Amino acid sequence: MRRKSNDVKAHVEKFFVLLKNYPDSTDSALVFVRFLRSFLRDCSQPEVLPTIEIMTLLKEHKPIAFYSMRKLSEHDNLLAFLTGLSMSPQEAENKLQAIYESREYKTKKSS
């Protein structure tokens with residue numbers, strides 16, 4: 001269980017690095033798509049993944065890359081679903097920052 005918690009935190013850290021290091025361009029879209037696929041594959045239950053938060057910040061900070069991902073989603077149902085996710089950008093930033101700064105990510109799915 002601890003390994004999975006650390007996987008989520010590691011992916012959030014990687015996401016922040018990608019946001020910082022990649023330009024807002026159509027070329028960056030594929031980098032973010034690869035990240036999302038890895039994130040969803042590597043981080044699985046019982047964790048609640050911060051997918052909506054990641055998509056919201058991607059849309060907010062990299063609108064050109066996000067639009068390119070939306071164009072790619074015409075042929076990819078998973079990407080179409082992901083690019084449709086959204087929430088308050090400030091709330092998303094706060095939640096991801098809390099995960100990034102935490103020692104271990106402990107949010108569980110609620111029943």
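Helix axes here are lines fitted to C-alpha atoms over the stretch in contact, and angles between them run from 0 to 180 degrees between N-to-C directions. The model on screen is predicted.

**Stop 1: α3 and α6**

Select residues 51–61, helix α3, together with residues 89–101, helix α6. Their axes come within 9 Å of each other, crossing at roughly 120 degrees. That angle makes α3 oblique to α6. The crossing of the two helices is left-handed.

Now show the side chains at the contact. On α3, pick Glu 53, Ile 54, Thr 56, Leu 57, Glu 60 and His 61. On α6, pick Pro 89, Ala 92, Glu 93, Lys 95 and Leu 96. Coloured by class, the contact of α3 with α6 shows 5 nonpolar, 2 polar and 4 charged residues.

**Stop 2: Thr 83**

Move to helix α5, residues 77–83, and select Thr 83. Is Thr 83 buried or exposed? Its relative accessibility is 3%, and buried means under 20%, so Thr 83 counts as buried. Leaving aside residues up to four places away in sequence, Thr 83 touches Met 55, Phe 66, Met 69, Arg 70 and Ser 73.

**Stop 3: α2**

Select residues 26–42, helix α2. With 17 residues at 1.5 Å a residue, α2 should span 24 Å. A distance drawn between its end C-alpha atoms gives 25 Å, which agrees with that expectation.

Which residues of α2 are buried? They are Ser 28, Ala 29, Val 31, Phe 32, Val 33, Phe 35, Leu 36, Ser 38 and Phe 39.

Notes. Residues are numbered from 1 along each chain as its sequence is written. This is a predicted model: local features need pLDDT of at least 70, side-chain atom pairs count only at pLDDT 80 or more; totals for chains, interfaces and linings use all residues. Side-chain values use heavy atoms; hydrogens and water are left out. Helices (H or I, at least four residues) and strands (E, at least two) are DSSP runs, numbered from the N terminus. Angles under 35 degrees count as roughly parallel, over 145 as roughly antiparallel, 65 to 115 as roughly perpendicular and the rest as oblique. A crossing is left-handed if the near helix is turned anticlockwise from the far one by less than a right angle, and right-handed if clockwise. Contact means heavy atoms within 4.5 Å. Ala, Val, Leu, Ile, Met, Phe, Trp, Tyr, Cys and Pro count as nonpolar, Asp, Glu, Lys and Arg as charged, and the others, Gly among them, as polar. Buried means under 20% relative accessible area, exposed over 50%, partly exposed in between (1.4 Å probe, protein chains only). The expected span of a helix is 1.5 Å times one less than its number of residues.
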